[in-house]
Amino acid sequence: MSVLDAPKFFSDFQSAGDYALQFLKQRLGFGLWMITRAEGDDWIILQTDGTGVSPGAVLRWRDSLCCEMVKNNGPRIAPDISEVAAYRNRPITRQVPIQAYIGVPLMLADGSMFGTLCAVDPRPQPSEIADETALIELVAAFLSTLLSNELKLTEQRRLSERLRLEAHTDALTGLANRRAWGEFLSSEEERCRRYGHPAAILSIDLDDLKRINDAEGHAAGDSLLQAAAQALRSATREIDMVARLGGDEFGIVAVECDQAGALLLRQRLLTSLAEHNVRASLGMAMRTQSHGLAQAWVVADQNMYRHKRRSSQTALVSPGQ
């Protein structure tokens with residue numbers, strides 16, 4: 001590939017990233033080039049050109065050379081990592097043979113770091129390669145700009161998609177129905193895989209619907225379902241998907257939500273349900289790179305039933321549970 005082979009238009013960040021990795025590999029060598037996402041202590045490999053690590057792999061961020069680079073403990077280009085104290089004994093070097101390193105952060109418009117553009121090679125490289133710092137930073141800035149714009153567009157599309165899907169509503173509660181839930185789950189899984197976004201699934205099951213239907217009639221049961229829907233929607237963000245999945249079962253997809261955020265959401269849900277005098281059991285599960293949203297839903301459902309068994313004697317859902 002030569003510079004003359006450059007396309008006149010990149011359809012998305014992935015195609016631009018693929019080209020950038022190929023270009024840099026041809027220009028600078030190095031056996032493996034990567035675009036990565038740093039999410040908590042997960043270092044998610046999104047795109048690669050070379051061998052040794054595959055897209056979708058998840059390593060520990062704290063073990064990486066990139067972690068030290070972004071803390072300014074080491075240079076962005078290290079032709080020989082044995083000469084850099086912060087790099088030479090990192091745990092990643094015991095997983096991947098590394099003697100030379102390049103790394104530049106990929107930044108978003110709000111100033112936060114998305115991940116890195118980086119390269120490694122099992123052999124030391126000529127010291128002159130450090131002269132290419134400006135080029136690598138320029139490519140990283142180009143990718144960062146494209147990524148920021150695409151993520152903003154993705155957020156807008158997600159909201160539009162959720163609003164469109166909620167046209168498939170449950171008539172009683174006004175929430176999305178099971179069909180909309182399934183379609184959104186599939187679309188969000190694709191976004192998670194492309195960008196490394198975290199996400200959580202929450203499964204909610206009302207404890208008293210059958211009893212109230214039997215004792216007070218279906219009108220009272222309908223009121224309970226409506227109160228539950230209001231409680232769930234008031235505790236979630238606009239971008240989250242809240243659906244009635246059938247009977248007394250509800251589901252929530254919390255998008256771009258890490259574990260700390262999911263635990264806070266769980267607390268808000270429990271508080272809101274209690275304020276609406278709704279007894280419910282709740283289970284939560286995080287999406288991981290090895291288990292997608294569909295599997296997280298299964299696990300959240302299992303956790304919900306565990307909660308139901310534990311709290312079967314509780315009179316009212318408590319935020320402290």
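The paragraphs below lead through a predicted model, from its domains to its sheet, its loops and a few side-chain contacts. Because the model is predicted, local features are reported at pLDDT of at least 70 and side-chain atom pairs at pLDDT 80 or more, whereas totals for chains, interfaces and linings use all residues. Residues are numbered from 1 along each chain as its sequence is written, and side-chain values use heavy atoms, with hydrogens and water left out.

The chain is divided into domain 1, residues 13-151, and domain 2, residues 168-316, with bounds that come from an automatic or database domain assignment. The C-alpha centres of domain 1 and domain 2 lie 38 Å apart. Eleven residues from domain 1 and eight residues from domain 2 take part in the contact between them, where contact means heavy atoms within 4.5 Å.

An open sheet is built from six strands in the order E3-E2-E1-E6-E5-E4, with antiparallel pairing. Helices (H or I, at least four residues) and strands (E, at least two) are DSSP runs numbered from the N terminus, and two strands are taken to pair if DSSP finds at least two bridges between them. At the edges stand E3 and strand E4 (77-78), each of which pairs on one side only.

When residues up to four places away in sequence are not counted, Glu39 touches Ile44, Pro198 and Asp258.

Strand E6 (residues 113-121) is mostly covered, since eight of its nine residues are buried. Eight bridges join E5 to E6, again antiparallel, and Gly115 in E6 is the bridge partner of Leu106. E5 and E6 form a hairpin with five residues between them, and in its turn Gly111 has a positive phi of about 90°.

Two residues other than glycine also have positive phi values. Phi of Phe30 is near 75°, and this residue lies in the loop between helix H1 (13-28) and E1, where its relative accessibility of 5% makes it count as buried. Phi of Asn72 is near 65°; Asn72 is found in the loop between helix H2 (65-70) and E4, and at 68% relative accessibility it counts as exposed.

A search of the whole structure finds five aromatic pairs, for which rings of Phe, Tyr and Trp (its six-membered ring) must have centres within 6.5 Å, with planes under 30 degrees apart counted as stacked, over 60 as edge-to-face and the rest as tilted. In one of them, the rings of Tyr87 and Tyr101 have their centres 5.1 Å apart and their planes at 70°, so the pair is edge-to-face. Because Tyr87 lies in helix H3 (residues 85-88) and Tyr101 in strand E5 (residues 100-107), the pair ties together parts that are 14 residues apart in sequence. Tyr87 and Tyr101 are both buried.

In domain 2, which spans residues 168-316, the charged end of Arg191 sits over the ring of Phe184, 5.9 Å from its centre; the criterion is that NZ of Lys or CZ of Arg is within 6 Å of the ring centre and within 35 degrees of the ring normal. Helix H7 (residues 218-235) has 18 residues and reaches 26 Å from its first C-alpha to its last, close to the 26 Å expected at 1.5 Å a residue, the expected span being 1.5 Å times one less than the number of residues. Buried residues of H7 include Gly221, Leu224, Leu225 and Ala235. The buried residues of H7 pack against strand E7 (199-206), helix H6 (209-216), strand E8 (241-246), strand E9 (249-255) and helix H8 (259-275).

Methods. Buried < 20%, exposed > 50% of the residue type's maximum accessible area, 1.4 Å probe, protein only.
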